[in-house]
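User: Could you walk me through the charged side chains in this one? I'm new to this, so please spell out the terms.
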Amino acid sequence: MRDDALQPAPAARSAWRVGGWFLLLAGSTYAAFLLWRRDPQVLEEHQLVESTQTAVLLTACAVHGVRGWRAAGSVETVARLGLAMICLSFAVRETDIDRLSESPVWPVTELVARGIVVVIWIALGVWALRRAGELLAGWRTALGPAAWCAAAGGALYVASFALDKRMLPLTAETSLFVEEAVQLNACLLLLAAGTVPMLRRAARARLG
């Protein structure tokens, strides 16, 4: 019997992977709920839940950055590096560096960090514009699993802004919990996007 006959089919592996990530999302939400019920302070700035979000975002940034750097096609490279920058931008936004302590160093550090993010965005945009024709011709190939996973994470992050502005009829405590739980799931989805293919199957077959 051939060894590859014992290996699960790609569709089965994808199903298990998706199922595993959904279990992780559900588990993270439940864990955040238990922590919140035990100590509401875990949801405050620079505490456990928010620090976990930042760590996940920075990990996702690194994963997308490495995969983008290694990608053979410029479409995937731009898409991966764009996702890496989105994760980095969210991480800088979540951290509130200027409030880490009373030291006057931190506000300056935050300005420098935000400036670096802006400069990298500009550099990535210029680099992408120079390949605009190729990117426009092949953008559909990038609508693979990673794109949809990242889109779901981005949508959750945008939805959390409504909770941050108290736009829903919830108590302040409940609204804060739902906001942080939604953002944690968004961060995990952005990380999950780094573990699945960016290109659609037909495009991967052509590149292979």
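User: Are Arg 80 and Glu 76 buried or exposed?

Analyst: Arg 80 is buried and Glu 76 is buried as well, where buried means under 20% relative accessible area, exposed means over 50%, and partly exposed lies in between (1.4 Å probe, protein chains only). Please keep in mind that this is a predicted model, in which local features need pLDDT of at least 70 and side-chain atom pairs count only at pLDDT 80 or more, while totals for chains, interfaces and linings use all residues. Residues are numbered from 1 along each chain as its sequence is written, and side-chain values use heavy atoms, with hydrogens and water left out.

User: What do the side chains of Arg 80 and Glu 76 form?

Analyst: They meet in a salt bridge, at 3.5 Å from N to O; the term stands for a side-chain nitrogen of Lys or Arg within 4 Å of a carboxyl oxygen of Asp or Glu. Both residues belong to helix α3 (residues 74-95), and because they are four residues apart there, about one helical turn separates them. Helices (H or I, at least four residues) are DSSP runs, numbered from the N terminus.

User: How many salt bridges does the structure hold?

Analyst: It holds three. In another of these, Glu 94 pairs with Arg 93 at 3.1 Å, N to O; Glu 94 is buried at 5% relative accessible area, whereas Arg 93, at 33%, is partly exposed.

User: And which residue forms a salt bridge with Glu 110?

Analyst: That is Arg 114, with the closest N and O atoms 2.8 Å apart, and the two lie four residues apart in helix α4 (residues 105-129), about one turn of the helix. Glu 110 is buried at 8% relative accessible area, while Arg 114 is partly exposed at 36%.
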